[in-house]
Amino acid sequence: MRVLIVSDSHSLTEELHTIKNRHKDVDALVHCGDSELQADSSEMEGFLAVRGNCDYDERYENEETLNIGEDLLYVTHGHLYNVKMTLMNLTYRAKERDAKVVCFGHSHIAGAEKIDQTLFINPGSIRLPNRRKERTYAILHYEENKATVNFYDHEGNEVKDLTNSFSL
């Protein structure tokens with residue numbers, strides 16, 4: 001299964017359309033919040049999206065889940081779990097939900113890491129990156145017990161130093 005993951009687009013519209021059109025072959029689209037767009041906007045069409053601290057459309061939920069094969073992918077923005085300071089609270093929530101993969105944003109810091117047996121993915125921001133110059137998003141390639149996370153800049157170039165594979 002292939003999942004495109006974006007976050008923290010902060011009102012960008014053309015970029016979301018471009019990224020969706022560039023990766024029409026993915027199985028699912030995930031937005032980790034702070035789109036600042038209405039849930040029924042054309043830019044958000046097709047996205048499983050959550051509410052970030054800058055989203056005011058109440059149709060977004062604080063958390064969503066997606067079945068990826070036999071496993072669960074959990075999506076939240078991260079502000080409710082203090083992810084700018086620690087992933088500990090989000091780790092506890094992932095365990096409560098029995099999630100194998102967690103997608104979140106809020107910090108605008110792109111990266112993927114495994115904590116215990118759970119994969120945490122922050123796609124970064126396609127508007128305001130933190131700690132990097134590239135405005136990034138990610139694509140998760142998920143197969144039973146194996147995940148590869150590829151990161152791309154907003155123009156579609158792979159950011160190879162962020163790309164990584166994990167055994168789960």
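Which residues touch the most other members of the largest nonpolar core? They are Leu-73, Val-101, Leu-119, Ile-121 and Leu-140, out of 25 residues in that core.

## Ground rules

This is a predicted model, where local features need pLDDT of at least 70 and side-chain atom pairs count only at pLDDT 80 or more, while totals for chains, interfaces and linings use all residues. Residues are numbered from 1 along each chain as its sequence is written, and side-chain values use heavy atoms, with hydrogens and water left out.

## The cores

A nonpolar core here is a set of buried Ala, Val, Leu, Ile, Met, Phe, Trp, Tyr and Cys residues joined through side-chain atoms within 4.5 Å. Buried means under 20% relative accessible area, exposed over 50%, and partly exposed in between (1.4 Å probe, protein chains only). Helices (H or I, at least four residues) and strands (E, at least two) are DSSP runs, numbered from the N terminus.

Take Val-101: leaving aside neighbours within four places in sequence, its contacts (heavy atoms within 4.5 Å) include Leu-73, Leu-119, Ile-121 and Leu-140. There's also a second, separate core of 16 residues, with Leu-29, Phe-47, Ala-49 and Ile-139 among them.

## Helix 2 and its cover

Helix 2 (residues 88-97) has Leu-90, Thr-91, Arg-93 and Ala-94 as its buried residues. These sit on the same side of the helix, because they cover an arc of only 165 degrees around the axis (taken from the directions from the helix axis to the C-beta atoms). Their cover includes strands 4 (63-68), 5 (71-76), 6 (101-103), 7 (111-115) and 8 (118-122). Just after the helix, Asp-98 takes a positive phi of about 55 degrees.

## A tyrosine pair

Rings of Phe, Tyr and Trp (its six-membered ring) pair if their centres lie within 6.5 Å; planes under 30 degrees apart count as stacked, over 60 as edge-to-face and the rest as tilted. That rule gives one aromatic pair. Tyr-137 and Tyr-152 have ring centres 5.6 Å apart and planes at 25 degrees, so they're stacked. Tyr-137 is in strand 9 and Tyr-152 in strand 10, so the pair ties together parts 15 residues apart in sequence. Both count as buried, Tyr-137 at 0% relative accessibility and Tyr-152 at 12%.

## His-31

His-31 is in strand 2 (residues 28-31) and is buried, with a relative accessible area of 0%. Its side chain reaches the backbone nitrogen of Gly-33 at 3.1 Å.

Methods:
Polar contact = N/O pair within 3.5 Å; in protein donor to acceptor, adjacent residues only side chain to side chain.
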